[in-house]
Amino acid sequence: YPNPAIGSFYVNTREENTGIIISDLSGRVLLEHNAEGKVDVSSLSSGTYFVSLVYNGKNHVHKLVIGN
């Protein structure tokens, strides 16, 4: 949250060792983050992205919109 994001968003899970992968719509990985909490996306342009939360051998994908 929040979605749409402006500059950053937060990830809160109950799982330890959560990997966060942000990719564009073509699947190209743009950012990787290895902890929950605040994720800085200020380097990304406005648009739609996928956020993958990886934990316990599973991959959970969510859509993220980044605004101005």
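Good morning. A strand, in the sense used today, is a DSSP run of at least two E residues, and strands are numbered from the N terminus. The place of S8, for example, is in strand β1. Please keep in mind that the model before you is predicted.

Let me begin with the confidence of the prediction. The protein averages a pLDDT of 91, and 99% of the residues score at least 70. Among the elements, strand β2 has the highest mean pLDDT, 96, whereas strand β4, residues 37-40, has the lowest, 91.

Next, the overall form. The secondary structure comes to six strands and zero helices, so the order of elements from the N terminus reads β-β-β-β-β-β. The C-alpha atoms fill a box of roughly 35 × 25 × 15 Å along the principal axes. A compact globule with 68 residues would have a radius of gyration near 11 Å, and because this protein has 11 Å, the two agree. Of the 68 residues, 32% count as buried. Among contacts with a separation of 6 or more, 47% are made by residues 24 or more positions apart.

I turn now to the sheet. Which order do its strands take? The sheet is open, has four strands in the order β3-β2-β5-β6, and its pairing is antiparallel. Strands β3 (29-33) and β6 (58-66) stand at the edges with a single partner strand each, which means that one side of each is left without a neighbour in the sheet. Neighbouring strands here are turned by 20° against each other on average, direction ignored.

Strand β2 deserves a longer look. On one side, four bridges join β2, residues 19-23, to β3. Within this pairing, I22 has L31 as its bridge partner, and S23 has V29. The hairpin of β2 and β3 has five residues between the strands, and G27 takes a positive phi near 95° there.

What, then, lies in the interior? In soluble globular proteins, nonpolar side chains tend to be buried together. The largest nonpolar core in this model has 14 residues, of which F9, I22, V39, V41 and V51 touch the most other members. Strands β1 (8-11), β2, β5 and β6 each give two or more residues to this core. The largest share, four residues, comes from β5.

Leaving aside its neighbours within four places in sequence, V51 is in contact with F9, with I20, I21 and I22, and with H60, V61, H62 and L64.

Finally, I return to S8. Is this residue buried or exposed? Its relative accessibility is 16%, and because buried means under 20%, S8 counts as buried. Apart from residues up to four places away in sequence, S8 touches P2, K38, V39, D40 and V41.

Thank you for your attention.

Key:
Residues are numbered from 1 along each chain as its sequence is written. This is a predicted model: local features need pLDDT of at least 70, side-chain atom pairs count only at pLDDT 80 or more; totals for chains, interfaces and linings use all residues. Side-chain values use heavy atoms; hydrogens and water are left out. Two strands pair if DSSP finds at least two bridges between them. Axes are lines fitted to C-alpha atoms, for helices over the stretch in contact, and angles run from 0 to 180 degrees between N-to-C directions. A nonpolar core is a set of buried Ala, Val, Leu, Ile, Met, Phe, Trp, Tyr and Cys residues joined through side-chain atoms within 4.5 Å. Buried means under 20% relative accessible area, exposed over 50%, partly exposed in between (1.4 Å probe, protein chains only). Contact means heavy atoms within 4.5 Å. pLDDT is the predictor's confidence in each residue, from 0 to 100. The radius of gyration is taken over C-alpha atoms; the globule rule is 2.2 Å times the number of residues to the power 0.38.
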